[in-house]
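Please take a moment to look over the sequence and the 3D structure shown here before reading on. The paragraphs that follow go from whole chain to single strands and residues.

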Amino acid sequence: MQKLLKLSLLAIVLAIAGCKSSPSGPEQAGAGVEERSPGGEAKQVEPPAVAKVTPPAATEDSGIAALKDPKNILSKRSVFFEYDSFTVKDEFKPLIEAHAKFLVSHPQLRTLIQGNADERGSREYNLALGQKRANAVKNMLLLLGAKETQIESVSLGEEKPRNPGHDEAAWTENRRADLLYPGEF
Amino acid sequence: MNPQTALASREPIISPAWSPDGTRLAYVSFEAKKPVVYVHSLASGRRHVIANFKGSNSAPAWSPDGARLAVVLTKDGGSQLYLVHADGSGVRRLTSSGGIDTEPFFSPDGQYIYFTSDRGGSPQIYRIPAAGGDAQRITFEGAYNVSPRLSPDGNSMVYVARNAGRFQLAVMNLATRQTHLLTDSSKDESPSFAPNGRMILYATEIGGRGVLAAVSSDGRFRQRLSLAASDVREPAWGPFMKF
């Protein structure tokens, strides 16, 4: 056993202690090469290698107010999915149609669609499931006239649960795709 | 135990993978509000982006010579396997399925890449020549077999199988295709072989907490390796260091 414990020193363990997301200042999407000491702040020393980052559009646009107005359907941003499903249910079609119309009338705006999965099963497979959900919403927006350049669909897999519980109610809430606009990601 | 922190971030980090020489770690970070693949040199603390394309970038796996990585990108639609040089250059698509292809892992001889795919209707393990070609299905029992990892001698494969809603480790003899379960827990994930092939390190959950555990490759011995007051997820056993 002692031997095993010693051997396990070779194992790296990523201990992610109950991390809840918190917006952490302006992110340089697509960092280049960085110097980073344990726990320290990252210091950018080279420009992005692979990344191509489009800066967020201005948030003063009058259209943005509609996105935050609780009475406006555009303030609704979440599309929920059944277990192991990527089909957009009928009840969410008006929401997606409204966002498609909004994107068509604001061609300078971009949206980020983040797909999510419940916690059951492989993390990387769940990342791919979340991507399928984000892609389903994206494809619908494209069919309704939004442009490819306006939409990026990505996945957070099971890593950023909205509901941290471990029951059916939590899982239902976490099988989801969210639409985000500039200033929100 | 004397853990050292390699990287601290408020956003999640997943899928750590050791380079074969043990000097670098590839991983997926969500600090850019989407998954991006980094390679991190442990001695210098320097890291660089190797995949940050439109969409998601994930599941890095090193080739045995450390020159390339297999990654999963969604830049062309769904999650598919690509090969990329260790500096992020020369991206080349490897699979073309309509569904999900993910969790690549190189065979120790570098000839094949094992991966998870739902191309047959449920997630199963397949392999494809690293030079490209047709995928061959490896697992057939059950409706959910994921996260393949090969032993250092290339003779066996450990993976996660779902049995009646429980996620457990299973091992397959790749010559005979015989399989057996290694664990009787229900939330096992991220298996990786010790460099000598005799032990398998994995993460599981006990009393609602993520813990590190190890099982002998014949399933006869199991040991919990606890860490104080924190959740443990996604271990990856490092290689023998060559100096």
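**A walk through chains B and A**

Of the 243 residues that make up chain B, 50% count as buried, and it should be kept in mind from the start that this is a predicted model. The secondary structure of chain B consists of 21 strands and zero helices. Taken along the principal axes, the box filled by the C-alpha atoms of chain B is roughly 45 × 45 × 35 Å. A compact globule of 243 residues would have a radius of gyration near 18 Å, and because chain B has 17 Å, its value agrees with that expectation. When contacts in chain B between residues at least 6 apart in sequence are considered, 31% of them join residues at least 24 apart.

The strands can now be followed sheet by sheet. One open sheet of chain B is built from four strands in the order S17-S18-S19-S20, with antiparallel pairing. At its edges are strand S17 (189–193) and strand S20 (222–225) of chain B, each of which pairs on one side only. On average, and with direction ignored, neighbouring strands of this sheet are turned by 30° against each other. Within the sheet, strand S19 (residues 209–216) of chain B pairs with S20(B) over four bridges in the antiparallel sense, and Leu212(B) has Leu225(B) in S20(B) as its bridge partner.

Another open sheet of four strands in chain B has the order S9-S10-S11-S12, and here too the pairing is antiparallel. Strand S9 (101–106) and strand S12 (136–137) of chain B each have a single partner strand, so one side of each is left without a neighbour in the sheet. Strand S10 (residues 112–117) and strand S11 (residues 124–129) of chain B run antiparallel and are joined by six bridges, and Ser117(B) stands opposite Gln124(B) in S11(B).

What lies across S9 and S10 of chain B? The element in question comes from chain A: helix H4 (residues 123–143) of chain A lies across these strands, running at about 150° to S9(B).

In soluble globular proteins, nonpolar side chains tend to be buried together. The largest nonpolar core here has 74 residues, and those that touch the most other members are Ala26(B), Ala70(B), Val71(B), Ile113(B) and Ile200(B). If neighbours within four places in sequence are left aside, the residues in contact with Ile113(B) include Ala70(B), Leu81(B), Leu94(B), Pro104(B), Phe105(B) and Phe106(B), as well as Arg127(B), Ile128(B) and Ala130(B). A second, separate core has 17 residues, among them Leu74(A), Ile113(A), Leu141(A) and Ala177(A).

The residue Ile113(A) leads on to the strands of chain A. Strand S5 (residues 111–116) of chain A is mostly covered, with five of its six residues buried. S5(A) runs parallel to strand S6 (residues 151–157) of chain A, to which six bridges join it, and in S6(A) the bridge partner of Ile113(A) is Ser153(A). S5(A) is also joined by four bridges to strand S7 (residues 176–180) of chain A, and these two strands run antiparallel; in S7(A), the bridge partner of Ile113(A) is Leu179(A).

Note on methods. Residues are numbered from 1 along each chain as its sequence is written. Chains are lettered from A and ligands numbered from 1 in the order in which they are written. This is a predicted model: local features need pLDDT of at least 70, side-chain atom pairs count only at pLDDT 80 or more; totals for chains, interfaces and linings use all residues. The radius of gyration is taken over C-alpha atoms; the globule rule is 2.2 Å times the number of residues to the power 0.38. A residue is buried if 20 or more other C-beta atoms lie within 10 Å of its own, exposed if 12 or fewer, and partly exposed in between; C-beta atoms are placed from the backbone. Two residues are in contact if their C-beta atoms, placed from the backbone, lie within 7 Å. Two strands pair if DSSP finds at least two bridges between them. Axes are lines fitted to C-alpha atoms, for helices over the stretch in contact, and angles run from 0 to 180 degrees between N-to-C directions. A nonpolar core is a set of buried Ala, Val, Leu, Ile, Met, Phe, Trp, Tyr and Cys residues joined through C-beta atoms within 7 Å.
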